[in-house]
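Hello,

Here is the structure I promised to pass on to you.

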Protein chains: 2
Amino acid sequence: MSTFVDVGKIIGVVGATGAVGAEMVDVLSRRDFPVKELKLFASKRSAGKKISTPYGEIVIEEFTVEKAREMDIVFLAVSGSFALEYARKIGEHDGPVVIDNSSAFRYDPTVSLVIPEINPEMVKGQKLISNPNCTTAIAAVALWPIHKKYGLKKVIVSSYQASSGAGAEGMEELRKGTKAILANEKCPQKVFAYPLAFNVIPHIDKFLENDYTKEEMKVAWETRKIFGIKNDDDCKISVTAVRVPTLRAHAEAITIETAEDILPSDVRELLKNSPGVDIVDDPAKLEYPMPLNASTKFNVECGRIRQSLVFGKKGLDLFVCGDQLLKGAALNAVQIAEVL
Amino acid sequence: MSTFVDVGKIIGVVGATGAVGAEMVDVLSRRDFPVKELKLFASKRSAGKKISTPYGEIVIEEFTVEKAREMDIVFLAVSGSFALEYARKIGEHDGPVVIDNSSAFRYDPTVSLVIPEINPEMVKGQKLISNPNCTTAIAAVALWPIHKKYGLKKVIVSSYQASSGAGAEGMEELRKGTKAILANEKCPQKVFAYPLAFNVIPHIDKFLENDYTKEEMKVAWETRKIFGIKNDDDCKISVTAVRVPTLRAHAEAITIETAEDILPSDVRELLKNSPGVDIVDDPAKLEYPMPLNASTKFNVECGRIRQSLVFGKKGLDLFVCGDQLLKGAALNAVQIAEVL
């Protein structure tokens, strides 16, 4: 069991009963973050409930701005509308630093969007920091070292996103729906637009005017913001976001065109020495990234690295897989707190 | 129940106990193919077994070249090595026309590789005709009208391939594996390299020297052959083939660059009037291609058609889904027989 330390931070997790909130508590412990005190907040409905954590049993408290303001660092694992309403209020004047996992502030030019392996300097002096979208974070840790060395010109992504991207309810709906289909029974949908069991759904988040979904555009917008690319034309990004019947860990098939000539063997070496990435790329030994192995792992797996048949010497195809509850959410948020 | 007709063909299906063989018999009936007599062949092990078909109960016979030579048309739903050994022997001299579903002859320049919506003229005078790979066939019926009108320059495909691409055993292993995981039990793998339940596996068929899999290269090689594109550089194709935990119907996220300017609305109209394709593309009504709906359908569903953010006016992103046991195998084979 993890223990609280005297010299540490008072941490609050808002939305502690959700999939990401629970992972945040777990990651604080797994990374030995110096926690002096831990408060778990949720809605009135969950207040009073005891939940078991690596720090022992903790009673959920009803969220109020006043209570949150007594923390040193507040993690928000809540909806965008909740974050919009409360994130600034929690932090204003001498309030705590707020790390928000929702998309509410990600595209606000005054708010830093941070992946600590990439742009840790953007944390400095900020009272509100945004955590990127899960699909973005997983691709970005693998693509950033490539971008720095070879310059990304075009990025084409097709995603294989797990049910837990829609929270604990998403996982539960997939489990129940799968059991129902195997038993030839019907199962009502609430989380996903269609049954996800034994199906794939090319629809995550709402559709926008350009017929891309918001999830697809998030990857483009956020990757450029985190990489510091000001002009869309300098790095063109197109995404197809697809929900698949997995529980944890998003996978992504990525094709890139680079400004400079690029070789698969060089990129394997480069990424071996890059933080947050594990090279899992030995076809002869049947080693390639998969949700089966990437789930619950901190690092993102990167493999299937090969010279692009479309972009030739200036292009690669690759496959990444990362636990979207971890690098895609809770881990990245705790890493931001570590930079603080 | 379907009935045999006096004026029709004597049909033999070799590999009748497999997933594709069973679908071939079903498709002959669904399309009212004029069948005078139907013989089902399999290995010695299955000989004598009665199977129920739309034409009534039929007794499986052990395959011999002599028996197969008494047919008018022979469908081979068998392995590549079996096809290599017997396909030519069945057809030689005055033997029947052989339609082979394996990859054995697809890359032989003397053998026609046919999708009837695209190159039916290649059937003429042939005694041995190859049926394309399932992933190829599903993408090709949607891409061919686009290629004819706008000229394909680049094609990038990420696939979401169903367990039945590995036959009836693949489906069974996914079902059993899923039950085992839900019950917290272990389940041995035979068909797939890793458990497929709640996982995705970026590995189909064997790895080649360029680190692409043979499945990935098949789509590139076969699409160019069927489209009559002689020079690889005229149409560059790169594929990532991924097995996902679905039972039937492969899906594919496709990004294309074209020689001419191309508009999503024009392509929707074009494909509405193209054979073998259904436009399923109304995000406001939550209409997009999915295995859930494409399974057991003859036509390939095409949707999520949008202007490419990477190739701009000369590019599109789209999503296709088709039943790979049908358009990807049995249906296409029967359509070839119809052209005969």
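**The six-stranded sheet**

In chain A, six strands form an open sheet with mixed pairing, in the order β11-β10-β12-β15-β14-β13. From one strand to the next, the twist averages 25°. Two strands pair if DSSP finds at least two bridges between them.

Before going further, please keep in mind that this is a predicted model: local features need pLDDT of at least 70, side-chain atom pairs count only at pLDDT 80 or more, and totals for chains, interfaces and linings use all residues. Residues are numbered from 1 along each chain as its sequence is written, chains are lettered from A and ligands numbered from 1 in the order in which they are written, and side-chain values use heavy atoms, with hydrogens and water left out.

Back to the sheet. Strand β10 (residues 152–160) of chain A runs parallel to β11(A), and five bridges join them. Lys154(A) stands opposite Lys236(A), which belongs to β11(A).

Which helix lies across β10, β12, β13, β14 and β15 of chain A? That is helix α4 (residues 134–150) of chain A, which runs at about 25° to β12(A). For such angles, axes are lines fitted to C-alpha atoms, for helices over the stretch in contact, and the angles run from 0 to 180 degrees between N-to-C directions.

**A hairpin to find**

The hairpin between β3(A) and β4(A) passes through two residues. Lys50(A) has Val59(A), in β4(A), as its bridge partner.

**Chain A as a whole**

Chain A has nine helices and 15 strands. Its radius of gyration is 20 Å, close to the 20 Å that the globule rule gives for 340 residues, so chain A is as compact as a globular protein of that length. This radius is taken over C-alpha atoms, and the rule is 2.2 Å times the number of residues to the power 0.38. The C-alpha trace of chain A spans about 60 × 55 × 45 Å along its principal axes.

How much of chain A counts as buried? The share is 61% of the 340 residues, where buried means under 20% relative accessible area, exposed over 50%, and partly exposed in between (1.4 Å probe, protein chains only). Among contacts (heavy atoms within 4.5 Å) in chain A between residues at least 6 apart in sequence, 69% join residues at least 24 apart.

**Some residues worth a click**

Ile99(A) sits in strand β7 (residues 97–100) of chain A and is buried, with a relative accessible area of 0%. Leaving out residues up to four places away in sequence, Ile99(A) touches several others, among them Ile73(A), Phe75(A), Ile129(A) and Leu340(A). Another one of these is Ala337(A); Ile99(A) and Ala337(A) are 238 residues apart in sequence, yet 7.8 Å apart in space, C-alpha to C-alpha.

Gln324(A) is in the loop between β15 and α9 (326–339) of chain A. Is Gln324(A) buried or exposed? Gln324(A) is buried, with a relative accessible area of 2%. Neighbours within four places in sequence aside, its contacts include Cys134(A), Ile138(A), Arg248(A) and His250(A).

In chain B, Asn184(B) has a positive phi of about 60° although it is not a glycine. Asn184(B) is in the loop between α5 (167–182) and α6 (214–227) of chain B, and counts as exposed at 75% relative accessibility. Leu286(B), also not a glycine, has a positive phi near 55°. Its place is the loop between β13 (277–279) and α8 (291–294) of chain B, and at 31% relative accessibility Leu286(B) counts as partly exposed.

Chain B can be laid on chain A with an RMSD of 0.0 Å by a turn of 180° and a shift of 0.0 Å along the axis. The two copies are thus related as by a two-fold rotation axis. The superposition is by least squares on the C-alpha atoms of residues with pLDDT of at least 70 in both. Of the interface residues of chain B, 100% are also interface residues in chain A, so the copies meet through the same surface.

Enjoy exploring!

Notes: Helix = DSSP H or I, 4+ residues; strand = E, 2+ residues; numbered from the N terminus.
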